[in-house]
Amino acid sequence: MAKLKLPLGIVLAGGEGKRLMPLTADRAKPAVPFGGSYRLIDFVLSNLVNASMLKIAVLTQYKSHSLDRHITTTWRMSALLGNYITPVPAQQRLGPRWYTGSADAILQNFNLIHDENPEHVLVFGADHVYRMDPGQMFVQHVETGAGITVAAIRIPRSEAHEFGVIELAEDGITIKAFHEKPSDPPAMPGHPDLSLVSMGNYIFKRSVMEEALIIDSEDIESRHDLGGNIIPFLTKNGEAKVYDFANNVVPGETDRDKGYWRDVGSIDSYYDAHMDLVSVHPIFNLYNREWPLLTNPPSLPPAKFSENGGANDSIVGAGSIISGGVLNGSVVSYDVSVGRGALVEGSVLMPSVRIGDRSIVRNAILDKNVVVEPGAQIGVDLERDRARFTISPGGIIVVGKGVRVTA
């Protein structure tokens, strides 16, 4: 059987991530650390690489230095085989302006597509936590002859107003209508409490994509957005199909984590996704070796526990030293220290955080290089915390990068 020519991969990684502030104060959203070892962009890149899609352009824009550095130092493919993962900054190829939307970002980088000359183009987002085999979606895309295939997932209807909501035709695969962040999301037939929403992952037939983007670029009223403009346009033309994420089979997955996908666009969703990692039987399993999550961890010694220090239902990164403190239900990155008598509960500690002796940290996210001085408390007196730090609607305290927390 002839082997399908794989699509060119484009990853949209220019998101500002305002709802993740202060974690995005000086880094792009896809560069935000996650899970003790990774950055958010590692999830989509791992999925593509595991599926042997090895020609990928990552379109960056907002505060992209740490993201560019991570990609260039971590995601190095074989040049001998013509493979690459390369960050592509906004270059103002169509005039003195930055990207005005996700569709415009691709339009401004047509040169990348023309250089590779693919028949199909895969366009995935960079800031979701999930495992997926995009090869299965590509096979369906080719077999159906779709102009665009949109990956979709079922979520509670009460949450669907944050997403693009899909209505299907009677054949169960053609998109009949696409509603971008509707105030009253339509329910799935027979499932009044569920809606079918876009995951932000698309595969285009190249010719269809280029024509749609050029037409959109000439519409002065368009926001030049894939979800808001391009998908509705192709839906009206009858060229949009859906790929049901529930049908995706990932090697090594379990019944518990099958179909896991989280949009971590807010502090509360980012925190909740971390808590999914630390239960005895995790809702999302980082340890699936058959579909590995790839990154480039620093060269550090193993984590060390001393002076009766301990960790319960927690993840602890390399180079961390727990000296007499206790971790409960927390995700701790590499090069973190926790002092004598300290207590960390239900928290996320990013690289190089220092927790002083006898301090308490509860229900918090501490960004890189935060220092909690001996005896200081976070998550104990919320009114005091509110005057010093960011607190999410769900009550999660966020301490920005490099802050020193006093007693």
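Across the interface of domain 1 and domain 2, two salt bridges are found, a salt bridge being a side-chain nitrogen of Lys or Arg within 4 Å of a carboxyl oxygen of Asp or Glu. The structure is a predicted model, in which local features need pLDDT of at least 70 and side-chain atom pairs count only at pLDDT 80 or more, while totals for chains, interfaces and linings use all residues. Residues are numbered from 1 along each chain as its sequence is written, and side-chain values use heavy atoms, with hydrogens and water left out.

The two domains span residues 8-269 (domain 1) and 299-405 (domain 2), with bounds that come from an automatic or database domain assignment. Their C-alpha centres lie 33 Å apart. Twelve residues of domain 1 are in contact with 18 residues of domain 2, where contact means heavy atoms within 4.5 Å. About 1,100 Å² is buried between the domains, and carbon and sulfur atoms give 60% of this area; buried area is the accessible area (1.4 Å probe) that two parts lose on being put together, summed over both. Elsewhere in the description of charged pairs, D26 forms a salt bridge with K401, with the closest N and O atoms 3.2 Å apart.

Helices (H or I, at least four residues) and strands (E, at least two) are DSSP runs, numbered from the N terminus. Leaving aside neighbours within four places in sequence, V11 is in contact with residues including I41, L45, V58 and F124.

An open sheet of five strands runs in the order β15-β18-β21-β24-β27, with parallel pairing; two strands pair if DSSP finds at least two bridges between them. The edges are β15 (310-312) and β27 (377-378), each with a single partner strand, so one side of each is left without a neighbour in the sheet. Strands β18 (326-328) and β21 (343-345) pair over three bridges, and L327 stands opposite V344 in β21.

Finally, V249 is found in the loop between β12 (240-244) and β13 (261-263). At 46% relative accessibility, V249 counts as partly exposed.

Key:
Buried means under 20% relative accessible area, exposed over 50%, partly exposed in between (1.4 Å probe, protein chains only).
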